[in-house]
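Work through the exercises below with the model open beside you. Try each task before you read its solution.

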Amino acid sequence: MRKALVALSLSAFTLSSLGALTSASAAPAKMSKMGCIVGKQKWDAPMAKCVDAKPVKKVSKTLKKKPAVKKAM
């Protein structure tokens, strides 16, 4: 009974540590020269640190204005 309990605890510990390693080994975020996360933070010079960047709204192609077509007279 004790051997089974020890074996189960060791296997659970091994599986949990492997799960932590795979999640930690995910691709790291790209960093700028100043140490900010690209796309999420920007460098604020007066504060001398990285701050969260405001999200940028992307304009869809269908909402862009097309140039007016002139009629030939």
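This is a predicted model: local features need pLDDT of at least 70, side-chain atom pairs count only at pLDDT 80 or more; totals for chains, interfaces and linings use all residues.

Residues are numbered from 1 along each chain as its sequence is written, and side-chain values use heavy atoms, with hydrogens and water left out.

**Exercise 1. List the helices and strands, and give their order.**

Step 1. Count the elements. The protein has 1 helix and 2 strands. Both kinds are DSSP runs numbered from the N terminus: helices are H or I with at least four residues, strands are E with at least two.

Step 2. Read along the sequence. The pattern is α-β-β.

Step 3. Helix H1 covers 2-24. Strand S1 covers 41-44 and strand S2 covers 49-52.

**Exercise 2. Describe how S1 and S2 pair, and examine the turn.**

Step 1. Check the pairing. Two strands pair if DSSP finds at least two bridges between them. Here 4 bridges join S1 to S2, and the strands run antiparallel.

Step 2. Find a facing pair. Trp43 stands opposite Cys50 in S2.

Step 3. Look at the connection. S1 and S2 form a hairpin with 4 residues between them. Ala48 lies in this loop.

Step 4. Check phi. Most residues other than glycine have a negative phi. Ala48 has a positive phi, near 55°.

**Exercise 3. Find the disulfide and describe its two ends.**

Step 1. Apply the cut-off. A disulfide is a pair of cysteine sulfur atoms within 2.5 Å. The structure holds 1. Cys36 is joined to Cys50, with S to S at 2.0 Å.

Step 2. Locate the ends. Cys36 sits in the loop between H1 and S1, and Cys50 in strand S2, 14 residues apart.

Step 3. Find the handedness. The torsion about the S-S bond of Cys36 and Cys50 is about -90°, so this disulfide is left-handed.

Step 4. Compare exposure. Buried means under 20% relative accessible area, exposed over 50%, and partly exposed in between (1.4 Å probe, protein chains only). Cys36 is at 2%, so Cys36 is buried. Cys50 is at 23%, so Cys50 is partly exposed.

**Exercise 4. Is Gly39 buried or exposed?**

Step 1. Locate the residue. Gly39 lies in the loop between H1 and S1.

Step 2. Use the area. Gly39 has a relative accessible area of 73%, so Gly39 is exposed.

Step 3. Turn to the whole protein. Buried residues make up 3% of its 73 residues.
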